[in-house]
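I opened the model and kept notes as I went. Each entry records what I looked up and what came back.

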Amino acid sequence: MPVHFQKAALGACVTAAAVYTATFTAVRVRRCQHARPVVAFSGGGAGSHVFPAVAIAEELRKRALEVVFLGDSRGLEVHVVPQSGFRLYCISSVSLQRPIKSVANALSVLSACILAQTGPAVVVGMGGKVSVPACVAAAALGIPLVLYEPNAKAGAVTQALHVLARQTLLAYGSAAADLRYKDRCLVVGPAVRSDVLKSAEVRRRREAREALGFPSRGGRLLLVLGGSRGCGYLNCAVNNALPQLATVPGLQILWQTGAKQYVSYSAGHAASLSSVRCVPFIHDMGPVVAASDLVLSRAGASTVAELAALGTPALLVPSPAVSEEQQAANARVLADRGQAEVVPQVEVDEGGLAPHLLQLLAPDGKRLAAMRVQGGVGSSASSSALERGGNGGVTANGPVCAHIAITQHIHP
């Protein structure tokens, strides 16, 4: 090996050791300066990662803990986290393809040195590529790492980081099947935001519907969730089904198209139908879901958890693009409880959405009434399923259980 290469390698090792020592020391000094422990949430991008994190963070804040978020500047967390009253630090995401050889990934790990500035007592990884840098840095710096998996099937990021984490919290017991160390897994239940749960307790369906400007009697409300960013496939299928849905007497449709696709779809069939209202995004989701008779949606983790909490019947079209069939597993959570019907995307390709929606929206309303009875927080069926660690477990105590588990890793 050439001498100059040996010197360069030695210099790089010395520099890396110096940076690590300085960062390690800075984290501990900063931690001692805090009046109360800091918990850092790392993750984001989609609502499935952001909303459960906010739900758990709200519970931690109630217990006098300080919370910060590390997320992506292009993700949903840029809007949701500050609106919820938490501070957000933006870092780079990583690629799980050839992670060691990617220069971008190395720079992303360096960007997670923001931990030295915040000095967290615990780092909570919520999933998504943006969670990787801070989680890896936390493990390297000796900061306790806890993961939360909101899906019924563990994602690739959770599976990769699970070996570094002291504990992995699960929304559903079925996710443990994909993880190596079962003894580090703990089922705490889905994390649903407090404002969503309050909407189920405070407002009845008629009151919620009146507040949204829809008739409280003599009609039904279909809520279409086309995604926070806009799900092109589902939006297109809904647009094609609107002419047939317009023939249903008294049916009102509230359609969240996503910000990027609002202009194009609000100018389509919806523009000529007075019974259809298009919006780019719904910020206060709880009252809207509570007011609805039926929800049409993909099967993201936060959507499924909120539907289960409010007991609203749903027609779910799981996305086949999500790795390892996570959405299909999420959809089975509600299907097993009788609260949802699941339609594979291939069936939508063949016959469209209208036949499935028209069947559920039959004039007698018996099918929807039976589906709504099966839902809701705190039902005996859901509680017993959670105790068994199965897919059916949905309680209002997910954030509370997660808070207890996280605080156990905070040490003076």
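**Entry 1: a helix pair.** I started with α13 (residues 301-310) and α14 in this predicted model. Their axes lie 9 Å apart and cross at an angle of about 10°. Angles under 35 degrees count as roughly parallel, so α13 and α14 are roughly parallel to each other. I then listed the residues that meet. From α13 they are A301, V304, L307 and A308. From α14 they are N330, V333 and L334.

**Entry 2: burial of α13.** How many residues of α13 are buried? I got 10 of the 10, so α13 is largely enclosed by the rest of the structure. The list runs A301, S302, T303, V304, A305, E306, L307, A308, A309 and L310. I noted that E306 is on that list of buried residues. Just after α13 comes G311, and I read a positive phi of about 75° there.

**Entry 3: Q339.** I moved on to the loop between α14 (326-336) and β13 (340-342), where Q339 lies. Is Q339 buried or exposed? Its relative accessibility is 0%, and buried means under 20%, so Q339 counts as buried. I looked for polar partners of its side chain. A polar side-chain atom of Q339 lies 2.8 Å from the backbone oxygen of L307. The side chain of Q339 also reaches the backbone oxygen of T312, at 2.8 Å. L307 had already come up in Entry 1, as one of the α13 residues that meet α14.

**Entry 4: α6.** I checked helix α6 (residues 132-140) for burial. The buried residues are V132, P133, A134, C135, A137 and A138. G142 follows α6, and its phi is positive, near 80°.

**Entry 5: cysteines.** How many disulfides are there? I used a cut-off of 2.5 Å between cysteine sulfur atoms. The count comes to zero disulfides. I looked at accessibility for two of the cysteines. C90 has a relative accessible area of 47% and is partly exposed. C401 is partly exposed too, with a relative accessible area of 32%. C135, by contrast, is among the buried residues of α6.

**Entry 6: A64.** I looked up a backbone angle next. A64 is not a glycine, yet its phi is positive, about 65°. It sits in the loop between α2 (47-62) and β2 (66-71). Its relative accessible area is 42%, so I logged A64 as partly exposed.

**Entry 7: H403.** I found H403 in helix α19 (residues 398-407). Its relative accessible area is 10%, so H403 is buried. What does H403 touch, not counting residues up to four places away in sequence? I got E59, L60 and R63. By number, E59 and L60 fall in the range of α2 (47-62).

**Entry 8: I114.** I placed I114 in the loop between α4 (103-111) and α5 (115-118). At 17% relative accessibility, I114 counts as buried, the cut-off being under 20%. I left aside its neighbours within four places in sequence. I114 is then in contact with L70, Y89 and I91. For I91 I also took the C-alpha to C-alpha distance: 8.5 Å, across 23 residues in sequence.

**Entry 9: A171.** I found A171 in the loop between β6 (167-170) and β7 (185-187). With a relative accessible area of 1%, A171 is buried. I checked its spacing to A191, which is 20 residues away along the chain. The C-alpha atoms of A171 and A191 are separated by 7.3 Å.

**Entry 10: whole protein.** I ended with totals. The protein has 19 helices and 13 strands. It has 412 residues, and 52% of them count as buried. I then took contacts between residues at least 6 apart in sequence. Among these, 66% join residues at least 24 apart.

Definitions and conventions. Residues are numbered from 1 along each chain as its sequence is written. This is a predicted model: local features need pLDDT of at least 70, side-chain atom pairs count only at pLDDT 80 or more; totals for chains, interfaces and linings use all residues. Side-chain values use heavy atoms; hydrogens and water are left out. Buried means under 20% relative accessible area, exposed over 50%, partly exposed in between (1.4 Å probe, protein chains only). Helices (H or I, at least four residues) and strands (E, at least two) are DSSP runs, numbered from the N terminus. A polar contact is a pair of N or O atoms within 3.5 Å; within protein, one must be able to donate a hydrogen and the other to accept it, and residues adjacent in sequence count only if both atoms are side-chain atoms. Axes are lines fitted to C-alpha atoms, for helices over the stretch in contact, and angles run from 0 to 180 degrees between N-to-C directions. Angles under 35 degrees count as roughly parallel, over 145 as roughly antiparallel, 65 to 115 as roughly perpendicular and the rest as oblique. Contact means heavy atoms within 4.5 Å.
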